Amino acid sequence: MSGFFSAFTEANLGYLMGGLGITVGVSIISVVLSLIFGSIIGIVFFEKIPYFSSFVGTINNIVRNLPLLLIIFFTYFALPQLGLHLPIFWATVVAMTVFQSAMLAEIVRGGLEAVDVGQFEGARANGLTNMQTMWHIVLPQAYKKMIPPIISQLISLVKDTSLASGIVLAELTYRGQIIYAQNTNFIVPVLVVMTLVYFLLNYGLSLIAKWFDHKLA
Amino acid sequence: MSLFEQNFSVFLQGFGHTLLASIFALVGSLILGTIFAIMQVTNSRTARSIGNIYVQVFRNIPLLIITLFFYLAVAKVIKMTGFTAGTIALTLYTSAFIAESVRAGILSIEAGQMEGARANGLTFGQAMRVIILPQAFKVAIPSLGNQFINLVKNSSILAFVGGLDLMYQGNIVAANSFDTFTTYIIIGLFYLVITLPLSYYIQHLEHKLKKNA
Amino acid sequence: MEKAKKRRFGLIATIILALAIVLGLFWAQQTVAHNAKHQDTLTRVKKSGKIVWGTKADTKLFGLMDTKTGQSEGFDVDMAKAVTKQIGKQIGEKLTPSFVTVSTASKIQLLKNTNIDGVFGVMTITPERAKIVDFSQPYFPAGQSLLVKKDSGIKSVNDLNDPSKTVLVVVGTTAAQNIKKFAPKAKTIALQDYASAMQALKAGQGQAISTDNAILYGLATENPDYQVVGGTLTNGPYGAAFDHDQKPMVDQVNQAINTMKKNGVYNQLIKKWFGQVPGLDWHDLEVHE
């Protein structure tokens, strides 16, 4: 058993937890950004603007149906060919945001569609413009309903950040790999600890989602 | 275009491996997922807990970690290639999501049907197989379809363990040709050939289901 | 919005977006072609006052992450630092080294897209690569060899020339081509990094890892059940790599390496990193000019 723990010297443990910080950082920034972009796209879907909504929908479908790993590689390796040099952290954030915005757009649309139509009409009858109705009446309600699915997207993000180890972002999974590069006997202990860390983080998030689910139901 | 022609057989080989891994994992995860979904709705407390733990564990850890675990740790005991390790990991990971879809499908069937079937002398297993599951699957089809799309996309994880899939071959072509931009666009199109039609078909099904409801 | 107005808005917005996408793709194609053209590395370095080096984080002795400091350490890293300092002296400007961790698969891509200025990353000079990147003069005399389990009975590359044998290599290295030459019947599997390759070897995914002896010595140091066999298949010295057509930069680097070999800095670094490696006489690596 002592062999199991020898992988976790203070330095290695600190290094690994620093990776957790990067994983969480990328996830939170990406979820906030994709909430913004996803909402804009979701509203475009919901408004059913002739031609435009379906056109945006097609592009959204294309993005949604690509592997995230491909989008990550593309952002870091191919975009510089266009003169866009993103530092690795931000390249990951951009890739995650593009992918998750496409995912969240569908959720936002669903959330908006679940809001009672009568409320639109009521608000408009009270002299609010389209934009005001959306901003003050509809969106707040829709977001409340969307909290659980948004948290499950955050869980996906935390998990998917591990893919950025492929472009050498020093997040949790990559740092685990670096630690077992020191000594290959560390592999199983490191994988077990990484599994635990991811599980605790994501399971905790899923409990929060469940709590909201109950509260809103 | 010449990049595409020059490496066509490489891309095709990768496409084949991606398709193969996806199909193996789909069949495997449908079976496993259904088993764990049933466990979650039985009366046995033990079965329910096992089902719950399984689903929670595999839903909440990254696919990459599961893949590395099989490729680097399990393979020490049981020999397997990167393709096999990746496909097993994909199967386990996806089965947790499929279990959720199937469970939701089962729960959407009225409890009265199960009771009725049991009252008519069917065992739990028979009632499940003959009465409940066929209906549950029908309800779950759109969500199962989405899981299959995710499965195809997630199969790119094989690239991490030398799984010879589309992403793996794409990385090699990109590294050798240095036209990363074009290579990744070609790879993207190959994935879309599988995922996009499926996605539209599922949207169509969902639409139909909503209309019927 | 009335229906007609909404319709018009939708139509116009769609056309604008579609146009933007088409123009964007056109622009992208042009830019990719344009950026493939020459950009002078030395000019860029002078302007920014720093040299961005790609180094490894998973390769013992050359570039391995120190988890305490979060910095890679090794012969490659020290060479990059020393060369940067020396070039600074040569051009009379203060230059600072900056480091980006690269994987074997990503290093040339990152050079090509100018995310990094140069690579000190256990990179073998080959004629194929020399068509795509510029190399400095050799800075380390490496050669491809084999790492096998001690009781495997494998003595040389000939023992691997069998369809039942798999040789593990790393994506983006020249090892796979050489194995095809020396053991055409063997299968090869390419992995992302050396740590995974070592794991895969231990897990029985293959019977040997083939890459440079310098790296294999590092792996064997940590894994006493494994040994380097078969001598060197190839003579493949390492060079620092740069984008192609970067003669001014390469000249500066070559001059720096020459100076370091003369003034003893090079030998000091050799001793620092290879003084303790079992089975390797570091005096063989010293340069006397």
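Helices (DSSP runs of H or I, at least four residues) and strands (DSSP runs of E, at least two residues) are numbered from the N terminus. One such element is helix α2 of chain A, residues 10-47, which contains A:Val32. This is a predicted model, in which local features need pLDDT of at least 70 and side-chain atom pairs count only at pLDDT 80 or more, while totals for chains, interfaces and linings use all residues. Residues are numbered from 1 along each chain as its sequence is written, chains are lettered from A and ligands numbered from 1 in the order in which they are written, and side-chain values use heavy atoms, with hydrogens and water left out.

## Chain A

Chain A has nine helices and zero strands. Along the sequence its pattern reads α-α-α-α-α-α-α-α-α. Taken along the principal axes, the C-alpha atoms of chain A fill a box of roughly 70 × 45 × 25 Å.

A residue is called buried under 20% relative accessible area, exposed over 50%, and partly exposed in between (1.4 Å probe, protein chains only). By this rule, 55% of the 217 residues of chain A count as buried. A contact means heavy atoms within 4.5 Å. Among the contacts in chain A with a separation of 6 or more, 78% are between residues 24 or more positions apart.

Accessible areas come from the Shrake-Rupley method with a 1.4 Å probe, and for residues only the protein chains shown count as cover. Chain A exposes about 8,800 Å², and carbon and sulfur atoms supply 71% of this area.

Part of the surface is a nonpolar patch. Patches are made of residues with over 30% relative accessible area and no salt bridge; like charges are joined within 9 Å, and nonpolar side chains (Val, Leu, Ile, Met, Phe, Trp, Tyr) within 5 Å. The patch consists of A:Ile28, A:Val32, A:Ile36, A:Phe37 and A:Ile40, with about 450 Å² of accessible area together. A:Val32 counts as partly exposed because its relative accessibility is 44%. An α-helix has 3.6 residues a turn, so residues three or four places apart point the same way.

## Salt bridges

Side chains of opposite charge can pair when their charged atoms come close. A salt bridge is a side-chain nitrogen of Lys or Arg within 4 Å of a carboxyl oxygen of Asp or Glu. Over all chains, the structure holds eight salt bridges. The table lists some of the pairs.

| Pair | Closest N to O distance |
|---|---|
| C:Lys6 and A:Glu47 | 3.7 Å |
| C:Asp117 and C:Arg44 | 2.8 Å |

C:Lys6 and A:Glu47 form a salt bridge. This pair crosses between chains, from helix α1 (residues 3-35) of chain C to helix α2 of chain A. C:Lys6 is buried, with a relative accessible area of 19%, whereas A:Glu47 is partly exposed at 22%.

C:Asp117 and C:Arg44 are also joined by a salt bridge. C:Asp117 lies in the loop between α4 (107-112) and β6 (118-119) of chain C, and C:Arg44 lies in helix α2 (residues 41-48) of chain C, so the pair ties together parts that are 73 residues apart in sequence. C:Asp117 is buried, with a relative accessible area of 5%, while C:Arg44 is partly exposed at 24%.

C:Asp78 is buried, with a relative accessible area of 11%.

In chain B, salt bridges link B:Arg59, B:Glu100 and B:Arg103 in a network.

An unreviewed UniProt entry places the annotation "domain: Ionotropic glutamate receptor C-terminal" on residues 50-276 of chain C. UniProt positions are given in the numbering used here, feature names are shortened, and annotations may be inferred rather than shown by experiment. The end C-alpha atoms of residues 50-276 lie 32 Å apart, and the span is 37% helix and 24% strand.

Helix α7 of chain C (residues 194-202) is largely enclosed by the rest of the structure, because nine of its nine residues are buried. Among them are C:Tyr194, C:Met198 and C:Lys202. Just after α7, C:Gly204 takes a positive phi of about 80 degrees.

The contact between chain C and chain B takes 19 residues from chain C and 21 residues from chain B. Buried area is the accessible area (1.4 Å probe) that two parts lose on being put together, summed over both. Between chain C and chain B it is about 1,600 Å², of which carbon and sulfur atoms give 64%.
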